[in-house]
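Reader: I should like to learn how to read a structural model residue by residue, and then at the level of chains and domains. Would you take me through the features in turn?

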Amino acid sequence: MMLDSIIFYFFATLAVVSAIMMVTRRNAVHSAVYLITALLATAGIFLQLQAEFLFVVQIILYVGGIMVLFVFVIMLVNLDVAVRQMKFNRQSWVAGLLALVLGALVFVVYRKGGGAFNLMAPPVTTLQPNAEQVGTVLFQKYFLPFEIASILLLVAMIGAVVMAKRKI
Amino acid sequence: MFGITFNDIRPYIFPVIYALVIVAFLPLLVGYITLAERKIMAHMQARLGPMRVGPHGLLQPIADAVKLLLKEDITPKNADALMFWLAPLLSVTMGLVAYAALPFGPAFQIADLDVGLLFILAVSSLGIYGIVLGGWASNSHYSLLGALRSAAQLVSYETAAGLALVSGLLLGGSLSMKTLVETQDQMGVWFVFLAPFSFFIYMVASIAETNRAPFDLPEAESELVAGYMTEYSGFRWSLYFLAEYANMIVVSGIAVTLFLGGWMRPLAAVHMRVFGLPYDLLDLLPALIFLGLAAWCTKLALRLGQQIQKLVMFLVVGLFVVLAGVMAWSLTSPALMPGIHGGFWFVVKILLYLYGFLWFRFTFPRYRFDQLMKLGWQFLIPLALVNLVMIGIGLVLVQQSGWPLGITMIGANIVTLLMALWLVRHGDKVMTAPRTAEDDLPVAGAGQIR
């Protein structure tokens, strides 16, 4: 249990600190690196909860997807100019208000404890291999929504190709 | 202390030992793979290769390592120091983490994850961040171009590699590396014989993903000096080098596990028990191979002129004799035999696969970048898709209608072969519109770098 707590607080601290660093860095590439760190730390927490499928999917999809973000940043953003520019954050009041609301929410949940969520009881032993379980649920219980989402993504993909190419 | 008892740490003891063994031996193995690469290249080009440091260059990797450690480590003045420092570390760490799920034998595996294959894929794709970051942080055009090429190449070829792996996974029915090998053991056939096209597509894509020739555009020395590692020197450069070879071993490990039967010996389903011996005749192969190597080295040693070189060569002979003894001795112990022989066959298969990598490198000229993209998107991905669908249909016929597996797989592969032939002959006309002047117009925003 001791080890569990150490690992959890390590990943949680890493995630929060790198999320803060991500929004405060001026250099877009540094921000992207901190975003990767935050996502990896979240993946670590998934792994600790024995959700190894989510852990791997988090890394492949989210962290792998930032690769494209990187390329965009390098290709499209002129970093020297961006670093010298003023930040255009004129919404500090809105941000402060939202932060207050979020803080209040966290405080209430903290006071009420874990019972506030009506969660299932944690399994006593290790979980079943969950790649199969995710697959079963996705392809049997939620088959139609899954297929609709797939078609939506396919349409978006074809749309991107059509818009990017001048001539098909 | 902290209420941790021995029972708490007991499950971690063997994985930690395995991890230490791998981290300790991998650099040595990589060093000798580079020596093998230089020797094989030399022999293919009718040269001798390294001959000076040790007999037949056997101590060359150690000399190279010392040289790299002592070399000055330079950081360019305008480089992004933090990222420049982080990038090689990221590459090499991710290369090493992937070994956690690689099964070197039935017992010698750090962690048998349920999603082992996905884990290795995820982690090894993270290694590319080291390349892209390093290329960007160097603040040099050659490095940046190498990094961008690497990113584009990864995105293009990972799709094909993933689709090829999925068709292998359909046959295995699991994501755990260990279960995949055990399934092949039970079915009595390696998946490469059921799905040769998946293996072929994965092989080509894995060469591209590890940036090896003929797909080594990110470090093409005739165009980009050394690509993403142009500005690196000394130890950091050697970290990139280590990462590249570690990744090569990982992709070979995936291919060996999924398609080539993992730690199983060749012809595992054939049993030859003669003379009332308690073990298979084919299980004697590892010991015989080592004895053969020892005999060959003895022959080389006797031809050497200098006494000291003879001595080193005879040490190598002694090493091979000891290994042959271990292989023969393990036959008498049923508890150890699967582990030791499994490890032997796994490493041998990996080395043969790596030999294929080297062979490719010395045989094919480097692709141009548009040829590389065309091969990835217009040949490998459509072929992988057709292959996947065909293998899926074949498996459904096996499971639902009870057709024999062999027949459906032959049918699936024939369809894939026809598709491949069609793509080679007509794919170019169908998939590419003729180039016009409009295509060469600059795209808004492109071309501004840093």
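Reader: Is B:Ala46 buried or exposed?

Author: A residue is called buried if 20 or more other C-beta atoms, placed from the backbone, lie within 10 Å of its own, exposed if 12 or fewer do, and partly exposed in between. B:Ala46 is exposed, because 6 other C-beta atoms lie within 10 Å. This residue lies in the loop between H1 and H2 of chain B; helices (H or I, at least four residues) and strands (E, at least two) are DSSP runs, numbered from the N terminus. The model is predicted, so local features need pLDDT of at least 70 and side-chain atom pairs count only at pLDDT 80 or more, while totals for chains, interfaces and linings use all residues. Residues are numbered from 1 along each chain as its sequence is written, and chains are lettered from A and ligands numbered from 1 in the order in which they are written.

Reader: Which residues have a positive phi although they are not glycine?

Author: Most residues other than glycine have a negative phi. B:Ala46 has a positive phi of about 60°, and B:Asn211 likewise has a positive phi of about 60°. B:Asn211 lies in the loop between helix H8 (196-209) and H9 of chain B. B:Asn211 is buried, because 24 other C-beta atoms lie within 10 Å.

Reader: How does the span of helix H4 of chain B compare with what is expected?

Author: The expected span of a helix is 1.5 Å times one less than its number of residues. Helix H4 of chain B (residues 116-137) has 22 residues and reaches 32 Å from its first C-alpha to its last, close to the expected 32 Å. H4(B) is mostly covered, with 22 of its 22 residues buried.

Reader: What does that rule give for helix H2 of chain A?

Author: Helix H2 of chain A (residues 28-48) has 21 residues and should span 30 Å; its end C-alpha atoms are 30 Å apart, which agrees. Among the buried residues of H2(A) are A:Val29, A:Leu35, A:Ile36 and A:Leu39.

Reader: Where is B:Thr230 found, and which residues does it contact?

Author: B:Thr230 is found in the loop between helix H9 (221-224) and H10 of chain B. B:Thr230 counts as buried because it has 23 C-beta neighbours inside 10 Å. Two residues are in contact if their C-beta atoms lie within 7 Å. Leaving aside neighbours within four places in sequence, B:Thr230 is in contact with B:Ser138, B:Ser140, B:Tyr142, B:Ser143 and B:Val225.

Reader: How many residues does the largest nonpolar core have?

Author: In soluble globular proteins, nonpolar side chains tend to be buried together. A nonpolar core is a set of buried Ala, Val, Leu, Ile, Met, Phe, Trp, Tyr and Cys residues joined through C-beta atoms within 7 Å. The largest one here has 132 residues, and those with the most contacts inside it include B:Ile120, B:Ile201 and B:Ala255. Helix H10 of chain B (residues 234-259) contributes the largest share of this core, 16 residues. Leaving aside neighbours within four places in sequence, B:Ile201 is in contact with B:Ala160, B:Ala164, B:Leu380, B:Leu383 and B:Ala384.

Reader: Which domains does chain B have, and how do they meet?

Author: Domain bounds come from an automatic or database domain assignment. For chain B, that assignment gives domain 1 (11-70) and domain 2 (71-271 + 356-430). Their contact takes 17 residues from domain 1 of chain B and 14 residues from domain 2 of chain B. On the side of domain 1 that touches domain 2, H1(B) gives the most, with 13 residues. By class, that side of domain 1 has 15 nonpolar, no polar and 2 charged residues; Ala, Val, Leu, Ile, Met, Phe, Trp, Tyr, Cys and Pro count as nonpolar, Asp, Glu, Lys and Arg as charged, and the others, Gly among them, as polar. The centres of the two domains, taken over C-alpha atoms, are separated by 22 Å.

Reader: What is the secondary structure of each chain?

Author: Chain B comes to 15 helices and 0 strands, and chain A has 7 helices and 0 strands. Of the 450 residues of chain B, 41% count as buried, while buried residues make up 14% of the 168 residues in chain A.
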